[in-house]
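User: I'd like to learn how to read a fold from its coordinates. Could you walk me through this one?

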Amino acid sequence: MRGHQPEDPHATHRSRAPARLLHQRVRARARGHPLPDLDAADWASLDYLGWRDRKSPALGFVVVELDGEPVGIALRQADAPTRTRPQCAWCEDVQLPNDVVFFSARRAGVAGRKGDTVGTLVCSAFECSVNVRRRPTLAYVGFDLEAERQRRIGVLGENARGFARKVLEG
């Protein structure tokens with residue numbers, strides 16, 4: 001992520017929310033948990049912003065842009081480890097350079113107040129944006145590596161937004 005700003009064809013329809021707006025929206029969700037330095041985030045290389053709470057490592061937070069607005073979601077990591085090495089449902093990285101864990105988020109509205117949750121498998125330290133921007137392996141002669149990388153960037157954004165929509169559906 002540091003200093004790496006690839007051209008992203010999806011950036012034309014994704015306006016990056018200013019850090020101050022994110023800070024205001026996320027602060028309410030994080031409720032006293034430490035926030036990352038939002039001004040230092042490399043927005044050109046992020047499809048969502050995710051971080052773990054240093055005080056409570058089972059807690060995570062993500063901010064996903066939906067319809068031009070940042071949506072903050074609080075996540076809780078499952079206590080039990082997965083039985084096999086899972087694949088991240090967001091970046092779908094097949095090389096698995098990092099751990100993937102199960103997170104759940106309380107649904108919005110009445111459903112969330114009743115305790116309904118939505119779960120997903122995500123890279124444990126939210127490395128998805130880095131994973132999809134890595135150069136993919138050559139699948140066959142003539143394989144367009146850059147097109148595949150751009151496809152993976154688009155899929156990550158769709159998967160993260162899809163999860164946020166499930167949470168908001170309540």
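User: What is the order of the strands in the open sheet, and in which sense do they pair?

Analyst: First, a word on the source: this is a predicted model, where local features need pLDDT of at least 70, side-chain atom pairs count only at pLDDT 80 or more, and totals for chains, interfaces and linings use all residues. Residues are numbered from 1 along each chain as its sequence is written, and side-chain values use heavy atoms, leaving out hydrogens and water. Now the general idea: helices (H or I, at least four residues) and strands (E, at least two) are DSSP runs numbered from the N terminus, and two strands pair if DSSP finds at least two bridges between them. Here the open sheet has five strands in the order β1-β2-β3-β4-β5, with antiparallel pairing. Its edge strands are β1 (49-52) and β5, each pairing on one side only. From one strand to the next, the twist averages 30°; axes for such angles are lines fitted to C-alpha atoms, for helices over the stretch in contact, and angles run from 0 to 180 degrees between N-to-C directions.

User: How many bridges join β2 to β3?

Analyst: Eight bridges join β2 (residues 59-66) to β3 (residues 69-77), and these strands run antiparallel. Val64 stands opposite Val71 in β3. Two residues lie between the strands of this hairpin, where Asp67 takes a positive phi near 50°.

User: How many bridges are there between β3 and β4, and how many between β4 and β5?

Analyst: β3 and β4 (residues 100-106) pair in the antiparallel sense over two bridges, with Phe103 in β4 as the bridge partner of Gln77. Seven bridges join β4 to β5, again antiparallel; there, Ser104 stands opposite Gly119 in β5.

User: Which helix packs on the sheet?

Analyst: In a packing question, look for contact, meaning heavy atoms within 4.5 Å. Helix α4 (residues 145-169) packs on the sheet and touches β2, β3, β4 and β5, its direction making about 100° with that of β2.

User: How far does α4 reach from its first C-alpha to its last?

Analyst: The general idea is that the expected span of a helix is 1.5 Å times one less than its number of residues. With 25 residues, α4 reaches 36 Å, close to the 36 Å expected. At the start of α4, a side-chain oxygen of Asp144 comes to within 3.3 Å of the backbone nitrogen of Glu146. After α4 comes Gly170, whose phi is positive, near 60°.

User: Is Leu75 buried or exposed?

Analyst: Buried means under 20% relative accessible area, exposed over 50%, and partly exposed in between, with a 1.4 Å probe and protein chains only. Leu75, which is in strand β3, has a relative accessible area of 2%, so Leu75 is buried. Leaving aside neighbours within four places in sequence, Leu75 is in contact with residues including Leu59, Val62, Phe103, Phe126 and Phe163.

User: And why is Ser124 classed as buried?

Analyst: Ser124 counts as buried because its relative accessible area is 18%. Ser124 lies in the loop between β5 (117-123) and α3 (128-133). Beyond its neighbours within four places in sequence, Ser124 is in contact with Arg52, Asp99, Val100, Val101 and Phe103. For the chain as a whole, buried residues make up 42% of the 170 residues.

Terms used
Polar contact = N/O pair within 3.5 Å; in protein donor to acceptor, adjacent residues only side chain to side chain.
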